[in-house]
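Trainee: I have the sequence and the coordinates open, and I'd like to go through them with you. Can we start with how one of the helices is packed?

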Amino acid sequence: MTRSFGHQLQRSILFLASAIFLCSFRKIPSTGLRGLRYFCAVPVPLLKLDAVEKSFAGVQALKLIQLEIAAGEILGLIGENGAGKSTLINILSGVHAPDGGVIAWQQQSVKFNSPHDALAAGIATIHQELAFFGHLSVAENMLLGEPWPRRCWRGVNWNQLHAEAERRLAHFELSIPTRRFFNELSSAQKQEVAIARALSRQARLLILDEPTASLSESEVERLFAHLQRLRHAGVAILYVSHRLDEIVKLTDRVAVLRDGELVATYPTAEADVNRMVRDMVGRPLDQVYPHKRRGAFGSPLLELKAATRAGMFRDISFSVRGGEIVGLAGLVGAGRSELARAVYGLYSLDSGEMRLNGKPWSPRNSHQSVTSGLVYIPEERKRQGLVLDHSVGASISIGFSDLLTRWGLVPHAAETRRVERALESFAIRTTGPAQAVGTLSGGNQQKTILARWLDRYPQIIILDEPTRGVDVGAKTEIHALIDRLAGEGRAVLLISSDLPEVLGMSDRLLVMHRGSISTELRGDDMTQENVILAASGLYQEAKGTDR
Amino acid sequence: MEIAFFTMISGTSFQSAGEFSNYFKSYFGDLLAQSAPVLLLAFGMTLVLMTAGIDLSVGSQVALVACVMASFRSGPTFWWTAVPLGLVFALVIGLVNGVLIARLDIPPIIATLGTMIFYRGLCFVVMGDLEKSPFIDVPGYEWFGKFLGATLVVGVVFVLGALFFQYSRWRREVLMLGGNRVAARYAGIPVTRRLCEVYALMGLLAFFAALCFTARNSSVSASSLTGLELQVIVAVVLGGTRVQGGGGSLVGTFFGVVIIAVMDEGLRGAAVWGDQHLPFKISHLQYLLLGALLVTGVWLNTRMERPAK
Amino acid sequence: MKQGPYSRFLVQRLVFLFVGNLLLLLAIRLLLRAGGSFADVLKRCGPDVAPVILAGLGMTGIIFTGAIDLSIGSVIVVAGTVFGILVQSGFGPPVCFGASLIASWSLSMLNGLLVRSLKIPAIIITLAGLTFYRGAALILAEISIPNFGGNISIPDEAFHSPGKLYAGRILFVALAAALLWEAFAKTPRRWLALGSSEEACRLLGLAPGRILQSAFFASGIFLGLAALIFVTRVQYIEPARLALSFELQVIGAVVLGGTNIFGGEGSFAGTALGAFFLYFTSQVLTYAEVNPYFQEAVTGAIIIGVIGLDCALHRRRKLLEELA
């Protein structure tokens, strides 16, 4: 018996050894690590940047970056606009090549010449601007970069292709019809397809650049749950966001970029939001909004009564008085921007009535609005606001030069004077009025658009997401500016998805839900909780149960 | 250096500086009168390219206006029948382009491709196979074909136009809508009206071009001026205007036309020499040179822009 | 909800063209007086319409990618000149046919290469090609043919077989192949992808240059067939006049077929139907004994009319999409 026990021991050791040996040839899914190395993995960095630098046209965008990301880690990357986050992402995803330094990927120095190289190596990126094909189906959009299922004579097997896409979407708990054309999806659905596409790439490093911009709370929750699952499976994640609450909630470690330099990295647990903001800005910043609520306002400058446009908004009634800042909150897609554009004359109303300065208002185009003293600052400044290769001076003076013209000609001296005054009073940081506006940072671009309009002294100003993608410093300046406008007796309608901002800046808050104004909040009712309730149409219900 | 250049391309040689200066005068006078239509159209085409559009129908437009004018009776009455009606007609056909592009939102290249065929077809409707020349018997008409008249028309259009253009708000609006149509709408620019104006102006210039052309050539047929649009576009592009819209220069356009015109004249001048020495007609080189110049011009434009980005 | 590869807009356009073609055929049938046979009309349609459709199929692929080829008329001239020169030098039909095929294919490839390497919009490159190739063909003819008088005569009927006898069959096979290919191949989808967003292609790891080149490659093959039929159906090849404004007919057919001129959306079937529509319209005008001088104007008016109506109907939606 004893002999047989030793025998058995020997055999079992042999068996175990061969099992481990065999294991070492099997790829563990989702990590790509060979089995044995998976068991005895020493935490070596998956990606290591050593003294990486990059400059554009003489301007140093990244200075000697040292950064490591380990497998199974979520690293948050934060920084103001123009701090170099996009450049860093572009280098990692192979869009740009670095000027100097070493990128070590799985302990081997690599050089990505194209996004294809990076993808092949296992780095998948979700860019801020979604890159998709509108007239191709969802399935084709998801799988275009990969081999497709074929049948005889290399013909595409469409059914299998759609089944594969459905499987991948289902893996991310999504059910989007894969035969739909991509441009027929809602913006949240588009974002979700983008995420699902990148996640299904079996990447070892996943880079997400502001992925939650058009997602609702529950969709964000689902994304985060999935990211956590990936992390446990050993995927490294680089998460870039302006929303610091997300960074705190999700990440293990935070890296802060400022002016192209990596100023700090620390575990998220050791940091709070204030410290992050301090590191980003380089100075302490109080989150105090400059606006003091006033009680007395002028006469109503803009009034809407039961304004309706099919498919966009319905039965909207409100008024904005002189000197008043009215906030317009709500989820993306609730119809806020559409409402603003209708007031501005870009869309027509189906029914209802608008009044401007007490007179009936039915603008035929935006030109009429501008000349009547109503301006709208659009949400996407690059697409809707600016011609990127035009000069800063031209971009500003287009807003008011019609006031200066004599016989259609713009007097050069007067124009230059006004442009320079605007550059100064709005503190737009440029090398001069001739600089191309596309080379400015986001905040300065936004201030350029503000300067364009505000020099006309309009009576009514509609601001759509005025501080989206704008760095913290410029944000404060824009807030002070909005307050000043109201102080001068103008009416301001402020549309924003940034809750602290819209709460801190407005005298009164309208909350839109699915195309209509669900609630008006005043005074002490103006809290984040109430806005969130109202934006999902639950405010009345919740208040009803309270009583 | 320049003398050598002209000698080379014109195939003549000069005995003295005086002879050269005389030759130079007549050469350039002729050159300007010859290329007046292209100059006028290039002016309009620069604006059209600035709006990120293109007008392929210019050749047909000029021919159609000329054909319509040619169907009137000759004599002094021509001045108050054909000329004003031609002017109005030119504005209308320009405006048709504008309406198709701005109001119906047809892509400019398609719309003007269609009107190019359509206007040319109308030429045949008006003229049939005939070649008419009522212009010879109109008193004072040929003045527009001579150096002085052509210079005056071109000069007035260019100088006044350029001055107005340089300092007007209109130009900035056109530039902005060419650079970013959506942003222009948001910036309160009446996009539709501006586009219609640009194409109507093109029609107006087509009228002046028709005036200069008919005064010089004194006869017109339905197939006159085919391929003119290509010369015009090449000239504008050579002058540094980019085809994607949002930028461009009139001075550059002027020099672009001069390059094309000099090339044209040079080849014509060298015909005799070419017949003796070359196995092919030297005028056919024009096709090759035009194509090569176009590509080179655009390539240089993009090369020069790239460092700025 | 099941959705095919075509958007609702494209399906509408295909149905419109199909019904329109049937109506036009009916009109021709009714207009035929004694002496004309309907079967003859259909038979003649092969050689007449084949070059437009074949070149149109290639052009559709190029327009899918957001590029355009304005030089096809001149490419055909070069192919015809090469063909004529070889015939005059005493080569047999296979050599001459092959040479004209290869000439048009390689010029199309050259267009693609230039667009790729110089990074200039295709419309400019091929606009230059439009004049350049025609000039080159003229000079080539003058150099190689002694006492060139403006045209090359091809008297031997043996050289006319593809254009006069087999045009219908070539068209049928090529069209069937193109439609099958559209339904079951990945490459056309890549072209559409490139046409809708070059940036997205690059980020997805697809090489835009290679996709564009493949479109010019395929176009070259179709263009070669079109050139073959075009140059073998005429008795004289006149480089200065041959295939003038052919590119307009072809682009007209493509756009009429519902393909977006800026790329990203379209179909091969639409191009074929569009070409038939234009051809039948001109036939109706002929049989209705409309003054031939009106024909060009009417053709232009139809292209503008159909496309204008279509754009006007979509204008509201397009404007909203643009502003949002």
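Trainee: What covers the buried residues of H18(A)?

Mentor: In this predicted model, the cover over the buried residues of H18(A) includes strand E13 (325–330), helix H17 (442–454), strand E17 (460–464), strand E18 (491–495) and helix H19 (499–505), which belong to chain A.

Trainee: And which residues of H18(A) are buried?

Mentor: They are A:Ala474, A:Lys475, A:Ile478, A:Ile482, A:Leu485 and A:Ala486. Because they cover an arc of only 115 degrees around the axis, they sit on the same side of H18(A).

Trainee: How far does helix H18 of chain A reach from its first C-alpha to its last?

Mentor: Helix H18 of chain A, residues 472–487, has 16 residues and reaches 23 Å, which is close to the 22 Å expected at 1.5 Å a residue. Just after H18(A) comes A:Gly489, with a positive phi of about 95 degrees.

Trainee: What about H10(A), what do its buried residues pack against?

Mentor: The buried residues of helix H10 (residues 273–281) of chain A are A:Met276, A:Asp279 and A:Met280. They are on the same side of H10(A), because the arc they cover around the axis is only 100 degrees. Their packing partners in chain A are strand E3 (74–79), helix H9 (244–250), strand E9 (253–258), strand E10 (261–267) and H18.

Trainee: Zooming out, how is chain A divided into domains?

Mentor: Domain 1 of chain A takes in 45–122 + 202–281, while domain 2 covers 300–546. The centres of the two domains, taken over C-alpha atoms, are separated by 33 Å. Where they touch, 9 residues of domain 1 of chain A are in contact with 10 residues of domain 2 of chain A, and the domain 1 side divides into 3 nonpolar, 5 polar and 1 charged.

Trainee: How many helices and strands are there in chain A as a whole?

Mentor: Chain A has 21 helices and 20 strands, and buried residues make up 42% of its 547 residues. Of the contacts in chain A with a separation of 6 or more, 66% are between residues 24 or more positions apart.

Trainee: Switching to the interfaces, which elements of chain C supply the side that touches chain B?

Mentor: In that interface 41 residues of chain C are in contact with 39 residues of chain B. Helix H5 (122–144), helix H11 (246–256) and helix H13 (292–323) of chain C each supply at least two residues of the chain C side, and H13(C) gives the most, with 18 residues.

Trainee: How many residues on that side of chain C are nonpolar?

Mentor: The side of chain C that touches chain B has 28 nonpolar residues, along with 6 polar and 7 charged.

Trainee: Last topic, where is confidence lowest in chain B?

Mentor: Confidence in chain B is lowest in helix H1 (residues 2–10) of chain B, at a mean pLDDT of 44, and highest in helix H3 (residues 58–70) of chain B, at 93. Chain B as a whole averages a pLDDT of 83, and 92% of the residues score at least 70. Over residues 1–11 of chain B, pLDDT stays under 50, and the model has 14 contacts beyond four places in sequence for that stretch. Where pLDDT is low, predicted coordinates should not be read in detail.

Key:
Residues numbered from 1 in each chain as written. Chains lettered and ligands numbered in written order. Predicted model: local features only at pLDDT ≥ 70, side-chain atom pairs only at ≥ 80, totals over all residues. Contact = placed C-beta atoms within 7 Å. Helix = DSSP H or I, 4+ residues; strand = E, 2+ residues; numbered from the N terminus. Nonpolar A, V, L, I, M, F, W, Y, C, P; charged D, E, K, R; others polar. Domains from an automatic or database assignment. Expected span 1.5 Å × (residues − 1). Buried ≥ 20, exposed ≤ 12 C-beta atoms within 10 Å, placed from the backbone. Arc of directions from axis to C-beta. pLDDT = per-residue confidence, 0-100.
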